[in-house]
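Please look over the two ligand sites in this model. My notes follow as numbered points.

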Amino acid sequence: MTGPRPVVLSGPSGAGKSTLLKMLLKDYGNVFGFSVSHTTRQPRVGEVNGKEYHFVTRDQMQKEIDAGEFIEHAEFSGNIYGTSKAAVQAVQARNQICVLDIDLQGVKSIKKTDLKPIYISVQAPSIEVLEKRLRDRRTESEESLQKRLNTARVDMELSNEPGLFDLIIVNNDLQKAYSELKEILAEEIQKIQDSKNS
Ligand SMILES: Nc1ncnc2c1ncn2[C@@H]1O[C@H](COP(=O)(O)OP(=O)(O)OP(=O)(O)O)[C@@H](O)[C@H]1O
Ligand SMILES: Nc1nc2c(ncn2[C@@H]2O[C@H](COP(=O)(O)O)[C@@H](O)[C@H]2O)c(=O)[nH]1
């Protein structure tokens, strides 16, 4: 893999990864590019195929995994999610910092590749706050919500492993969390802006 150093955003469902990512893309749209993952889950209201995800069937996804088209893939809450080689290459071809929003299994898989991203974990202040955010988001059935909360408990525990993440952001105050995110990425942002201006 070539190009600027990618960024991995991980952390429990509902912690605020997509919210922070949207802020980053709004402020630095030409600097960052989102790695559009594949998923077998159903699109949510407002989600567009090819933008938030490539929405695919389990059969189609399994065929592409078998064909070696994915850098990593994982089963999460009853669905498969994965990062294709093409998704990352598309961003890198635009000389943008590639941002991957992936779960903890994905992080462990990416650690075995030569991608060498900056690893950031986004956490909610507590499981209670996380549950409230997920409920208020109104995207999950009760079954899916419980699965996500169970996975979140494990994620919150395991993410503290020394060396796993370069930074853990506790997303309580959104603006403060965003400032922390921008701070760790400042050097990479500057490099891209300099290269685009030269
Ligand atoms: N600091 C915050 N304070 C209050 N609400 C927040 C904060 N950050 C995010 N939220 C809200 O919490 C909900 C979950 O956030 P978001 O969808 O960004 O989480 P996520 O980590 O991307 O989840 P998933 O992994 O399921 O995609 C959203 O409704 C969002 O508006
Ligand atoms: N290992 C991977 N995890 C991924 C990928 N794309 C998203 N995700 C993670 O899935 C959960 C649930 O996402 P949701 O959109 O259904 O709420 C979340 O933790 C994402 O980080 C991927 O390509 N690989």
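1. Helix H1 gives the most to the shell around ligand 1, with 3 residues. Helices here are DSSP runs of H or I, at least four residues, and strands are runs of E, at least two, numbered from the N terminus. Bear in mind that the model is predicted: local features need pLDDT of at least 70, side-chain atom pairs pLDDT 80 or more, while totals for chains, interfaces and linings use all residues. Residues are numbered from 1 along each chain as written, chains are lettered from A and ligands numbered from 1 in written order, and side-chain values use heavy atoms, without hydrogens and water.

2. The ligand 1 shell holds 14 residues; Ser13, Lys17, Ser18, Thr19 and Arg137 are the closest. A shell residue has a heavy atom within 4 Å of the ligand. By class, 3 are nonpolar, 7 polar and 4 charged.

3. Polar contacts are pairs of N or O atoms within 3.5 Å. For ligand 1, one oxygen contact is to the Ser13 side chain at 2.6 Å. The Gly16 backbone is 3.0 Å from an oxygen atom of ligand 1. A backbone N or O atom of Asn172 is 2.9 Å from a ligand 1 nitrogen.

4. Ligand 2 has 18 residues around it, with Ser37, Arg41, Tyr53, Tyr81 and Asp101 nearest. The shell counts 5 nonpolar, 5 polar and 8 charged residues.

5. Side chains of Arg41 and Asp101 each place a polar atom 2.6 Å from an oxygen atom of ligand 2. The Asp103 side chain is 2.8 Å from a ligand 2 nitrogen. Strands E5 (70-76) and E6 (79-84) each give two or more residues to this shell.

Conventions:
A polar contact is a pair of N or O atoms within 3.5 Å; within protein, one must be able to donate a hydrogen and the other to accept it, and residues adjacent in sequence count only if both atoms are side-chain atoms. Ala, Val, Leu, Ile, Met, Phe, Trp, Tyr, Cys and Pro count as nonpolar, Asp, Glu, Lys and Arg as charged, and the others, Gly among them, as polar.
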